[in-house]
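Subject: A structure to look through

Dear colleague,

Please open it first, and then go through my notes with the chains in view.

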Amino acid sequence: MVLGKVIGTVVASRKEPTLGGLTLLLVAACDANGEVTGTPVVAADAVGAGVGEVVLYASGSSARQTESTNNRPVDATIMAIVDAVELGGEQHYTK
Amino acid sequence: MVLGKVIGTVVASRKEPTLGGLTLLLVAACDANGEVTGTPVVAADAVGAGVGEVVLYASGSSARQTESTNNRPVDATIMAIVDAVELGGEQHYTK
Amino acid sequence: MVLGKVIGTVVASRKEPTLGGLTLLLVAACDANGEVTGTPVVAADAVGAGVGEVVLYASGSSARQTESTNNRPVDATIMAIVDAVELGGEQHYTK
Amino acid sequence: MVLGKVIGTVVASRKEPTLGGLTLLLVAACDANGEVTGTPVVAADAVGAGVGEVVLYASGSSARQTESTNNRPVDATIMAIVDAVELGGEQHYTK
Amino acid sequence: MVLGKVIGTVVASRKEPTLGGLTLLLVAACDANGEVTGTPVVAADAVGAGVGEVVLYASGSSARQTESTNNRPVDATIMAIVDAVELGGEQHYTK
């Protein structure tokens with residue numbers, strides 16, 4: 001997984017039927033302080049994350065290993081909302 | 001998935017038999033405003049997208065998790081046509 | 001998949017037994033005009049492609065979704081020989 | 001797999017239930033001397049690694065091929081703690 | 001697969017039990033002349049390759065499609081020792 005920050009939402013009415021009911025969020029990779037560092041991906045949300053939160057998301061086939069994304073055509077899923085990141089013995093991001 | 005813009009089409013008469021019947025589109029990654037930012041990939045189309053549209057496409061094994069691409073040798077599939085992207089509380093791309 | 005140009009061949013006599021009988025080609029990603037843009041990969045050939053041809057190749061587990069590559073240890077397979085690429089309403093590469 | 005250095009830890013109380021019980025570590029790719037070279041990922045720990053150690057981690061579906069990560073939604077897992085790296089006939093990193 | 005050069009070895013005594021018995025080699029991507037061009041990965045060896053040899057290695061789930069790596073947590077495996085690379089009608093690397 002990687003650290004990411006939820007930065008937006010995507011609405012799509014015409015889509016693969018099996019995507020129905022999934023919340024699709026724009027998530028950009030971020031560093032240990034929650035600062036955005038990467039290009040955003042569109043991830044399914046398995047944990048009820050909101051815009052502005054720092055999360056962990058998994059990519060590839062691992063994104064389908066949850067009850068809500070099983071067998072669905074998603075390649076990125078938010079798996080956790082981050083409480084704290086510790087780096088080099090120091091607390092960096094905290095929620 | 002990532003945001004992408006459909007920028008072209010690819011015709012190939014000599015191909016793996018199981019690719020038959022799939023529409024193959026050139027799709028380039030784009031930003032929240034629909035501006036192209038990345039190198040194009042060739043994606044199968046599961047939703048009837050057209051050139052110029054902003055879409056979501058999935059990569060890897062997830063690209064095969066649709067009725068039309070199941071067990072077929074594709075590694076990128078267009079899964080949705082985007083209606084709107086909201087970023088930082090502001091509407092960016094709208095169809 | 002991505003557009004690629006076949007630029008060479010690789011010979012390997014000592015190899016995983018299940019690679020036996022597969023043609024291994026050097027393929028470099030290319031743009032809509034057939035100009036090489038990327039670092040080459042070594043792909044199995046499922047369609048009888050030749051050096052100089054513009055092709056589509058799939059990567060990852062999708063590379064194994066053909067009769068000739070099923071369960072074999074390849075992560076890139078040429079799936080089609082490209083006849084034409086249309087981009088922005090204009091014909092670019094044609095065979 | 002790649003060589004990586006464990007540089008931190010991540011705490012997340014709200015998460016996919018099947019992530020429960022896994023230790024999540026921040027791991028950055030490193031060179032043969034253990035010097036950090038890449039952007040960190042968040043990996044599950046299958047071997048009891050600690051901050052500062054040089055490890056091997058696997059990515060993608062391979063990250064799920066251990067008893068502790070089987071069927072869990074992780075895409076990176078620490079598989080070994082490195083004792084020594086030899087490069088060009090010379091000992092580089094040693095634990 | 002990609003062309004790679006074996007540049008070193010990795011020793012790890014504390015590891016995932018299912019990695020036992022596999023030789024782990026440092027392999028860096030190389031060009032058609034055998035010159036190193038990329039960052040090294042740690043690959044399992046399925047063919048008895050040695051340091052200095054030019055090889056082909058597969059990544060991702062394809063790395064597990066050999067008798068010796070089946071169901072093991074490796075994401076890169078050396079599948080062949082290269083005898084010759086021909087590029088643009090000219091012999092480049094030969095063993």
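In which loop of chain C is Asn71(C) found? Asn71(C) sits in the loop between β5 and β6 of chain C. Please keep in mind throughout that this is a predicted model, and that the values below were computed from it.

I begin with that residue, since its backbone deserves a careful look. Most residues other than glycine have a negative phi. Asn71(C), however, has a phi near 65°, which is a positive value in a residue other than glycine. Asn71(C) counts as exposed, because it has 8 C-beta neighbours inside 10 Å, and a residue is called exposed when that number is 12 or fewer. In chain A you will find Asn71(A) in the loop between β5 (54-59) and β6 (76-81), with a positive phi that is likewise near 65°. Asn71(A) is exposed too, with 8 other C-beta atoms within 10 Å.

The C-alpha trace of chain A spans about 45 × 25 × 20 Å along its principal axes. The radius of gyration of chain A is 13 Å, which agrees with the value near 12 Å that a compact globule of 95 residues would have. Of the 95 residues in chain A, 56% are buried. If you take the contacts in chain A between residues at least 6 apart in sequence, 53% of them join residues at least 24 apart.

Next come the places where chains meet, and I would start with chains B and C. Their contact draws on 24 residues from chain B and 25 residues from chain C. On the side of chain C that touches chain B, at least two residues come from each of β1 (2-11), β5 (54-59), β6 (76-81) and β7 (84-87) of chain C. That side of chain C is made up of 15 nonpolar, eight polar and two charged residues. Across this contact, strand β2 (residues 14-15) of chain B pairs with β6(C) in the antiparallel sense, over two bridges, and Lys15(B) has Ala80(C) in β6(C) as its bridge partner.

The contact between chains D and E takes 25 residues from chain D and 24 residues from chain E. Of the elements of chain E, β1(E) gives the most to the side that touches chain D, namely five residues, and by class that side has 12 nonpolar, six polar and six charged residues. Strand β7 (residues 84-87) of chain D runs antiparallel to β1(E), to which it is joined by four bridges, and Leu87(D) stands opposite Gly8(E) in β1(E).

How are chains D and E related to each other? Chain E is superposed on chain D by a rotation of 72° with 0.0 Å of shift along the axis, at an RMSD of 0.0 Å, and that is the relation of a five-fold axis. Only 8% of the interface residues of chain E are also interface residues in chain D, so the copies meet through different surfaces.

Finally, two pairs of chains do not touch: chains C and D have no contact, with their closest C-alpha atoms 10 Å apart, and chains A and E have their nearest C-alpha atoms 10 Å apart.

With best wishes

Conventions: Residues numbered from 1 in each chain as written. Chains lettered and ligands numbered in written order. Predicted model: local features only at pLDDT ≥ 70, side-chain atom pairs only at ≥ 80, totals over all residues. Contact = placed C-beta atoms within 7 Å. Nonpolar A, V, L, I, M, F, W, Y, C, P; charged D, E, K, R; others polar. Pairing = 2+ DSSP bridges. Least-squares fit on C-alpha atoms with pLDDT ≥ 70 in both. Buried ≥ 20, exposed ≤ 12 C-beta atoms within 10 Å, placed from the backbone. Rg over C-alpha atoms; globule rule 2.2 N^0.38 Å.
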